[in-house]
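Let's take a friendly walk through a protein model together. Keep the picture beside you and look for each place as we come to it.

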Amino acid sequence: MTALAMIACTLAAAAAESFPEPIRPFLAAKAKDGTKVLSDHDIEKLARMPEHTRQLVGAAADSMILGSANHLRILLSLDLSPQDMELVVQDNCILCHSDPGNVKPRALFSPDPAKQGSNPLLDLREFVSDAHFRRGLSCSGCHGGTPKDESMSNEIGKRWPKEEERHSDRSWIPDFCARCHSDPAFMRGFNPTLATDQLNKYKESRHGMLLLREKDPRAAQCVSCHGVHGIRGPKSRKSSVNPQRIPDTCGACHANPRHMAGYKTDSGEPMPVTQVPEYKASVHGQALLEKGDLGAPSCTGCHGSHAAMPPAVASVAQVCRRCHAMNGQLFDSSPHKVAFEENKWPECGQCHGKHAIARPMDALIGDRPGTLCHDCHAQHARDNAICDKTSARFRAALDELSSGRAEVAPYEMELAEKGLDVEPLSRAVSELDEALLQARSRVHSFDLGTFEQAAGPAGDALARARQSIAAAHADHRLRQRGLLAAIGSIGLLALGIALKLRELRRRRDGK
């Protein structure tokens, strides 16, 4: 036996004397194969619990609702904090339904439902991580009764619809959850910052209208997104409503062709089911899911959460402007604003798309076939000569600036390796990047004057970058000439010294 094992055994033996009397028989209980039910490690866990926690465990064992050593072993396997263990052992609902010797698998809270063959909705590990449980709201909060009840009360049956009804008609769920979540006075005692208008928003959402008005059982409701017994806050990475998990949560329905069969868009077309893969490949999806940028929008960022609706044409631009405010302001003062309103086009979405939004490229702009500008103008503004002229100037200027940037930027490393001062070049490149960014944004004005205000400084910055490169090269050549001159001088001096030494040796030898 190792030293650590001996210490653990000593601790367990010493602590056993201090365990409440009802727990002590559990310490020696054996399984059918003769092994101890509670391992030394389990007993050590008990020993390390505060005295108050052990007394509560003892009280649960004394009442026989904590019914066996195996039952205690299951609770210890959860590795709960003392505070959470106290919540568990004082709640007769959890104790009763986590005892495999007392309830059937259909109603059993198990740490591993798949292994136990029990109800997957009754995952005990998930339940003890639930946001409600962590705040002291347990089974009775939803099911009725009290944590001290030793048998199920009639109130429990009255509070819930019959099993067949509650599975076929899910419209009872929003009102059921709202009994707490729509009560500001009640919620203030748990989370004063949590909104209490979710039910009102839900009723006006597409999901809410389908469920509550049309009695469509496929429509999403609270449980569809938040789950049942393992509900976590959105900051938890395990939460189904964590920003990075929202696409898959929404996709559980919206990416399922079978589930979405029969639903149609406002235009009467079959509801698409490609939104999730399109989003994941988009610039927004990559930012959120691959780069971890929690500021990037997910499904709820554009559609809303409890008030989820397909953004109407008039509201699409307002949704985009929550992040891209400057581009929206430029568009509002552009000549395209009136044309888009007349044609009922969705502004941003007309050029950038919806779920499969790609990173904007200069190649989208121009007066040649295949560019967004030309293809749209050829169809809707064929007789307006200024359209192609403007887009051609945009493209030419952006190409010149971006190619210039690609030309000068590599010199930063090259000149630095030669020991030259690259600060003027670095500053010019940074100014070029900022001005180029502003120039690309000004494209949304569709006005040459506005565009040139940003493109002009970008051109100036590019000129300064080239000048700094030329100055650095001139400085390098000057240094090289100076170095060669110095080497030459040193060489001549060395030659003179050598000749002098030879002369001195001849004189010495001549004597």
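Helices here are DSSP runs of at least four residues, numbered from the N terminus. With that in hand, please remember that this is a predicted model, and let's begin with an open space in it.

Which helix gives the largest share of the lining of the second largest pocket? That share comes from helix α18, residues 222-226, which supplies four residues. The second largest pocket holds about 340 Å³ of space. It is lined by 19 residues, and those closest to its centre are Glu 126, His 226, Gly 227, Val 228 and Gly 230. How can a space like this be found at all? Rolling a probe the size of a water molecule over the atoms shows where empty space is left.

Cys 351 is in no disulfide either, as its nearest cysteine sulfur, in Cys 376, is 6.8 Å away. Cys 225 is partly exposed, with a relative accessible area of 29%, and Cys 351 is also partly exposed, at 40%.

Now move to helix α32, which covers residues 448-510. Leu 493 sits in this helix. Is Leu 493 buried or exposed? With a relative accessible area of 57%, Leu 493 is exposed. Together with Ile 497, Leu 501 and Leu 504, Leu 493 makes a nonpolar surface patch of about 370 Å².

Pro 457 is in helix α32 too. Its relative accessible area is 40%, so Pro 457 counts as partly exposed. Along the chain, Pro 457 and Glu 434 are 23 residues apart, and their C-alpha atoms are separated by 9.4 Å.

Our last stop is a loop. Lys 148 lies between α11 (139-143) and α12 (154-159). Lys 148 is exposed, because its relative accessibility is 56% and exposed means over 50%.

How values were computed. Residues numbered from 1 in each chain as written. Predicted model: local features only at pLDDT ≥ 70, side-chain atom pairs only at ≥ 80, totals over all residues. Heavy atoms only, no water. Patch = residues over 30% accessible without salt bridge, like charges linked within 9 Å, V, L, I, M, F, W, Y side chains within 5 Å. Areas by Shrake-Rupley, 256 points an atom, 1.4 Å probe, with all protein chains shown as cover. Salt bridge = Lys/Arg side-chain N within 4 Å of Asp/Glu carboxyl O. Helix = DSSP H or I, 4+ residues; strand = E, 2+ residues; numbered from the N terminus. Buried < 20%, exposed > 50% of the residue type's maximum accessible area, 1.4 Å probe, protein only. Disulfide = S-S within 2.5 Å. 1 Å grid on protein atoms, 1.4 Å probe; cavity = no way out; pocket = protein on both sides within 12 Å on 5 of 7 lines; lining within 4 Å. Points joined across faces, edges and corners; volume = space filled by probe spheres on them.
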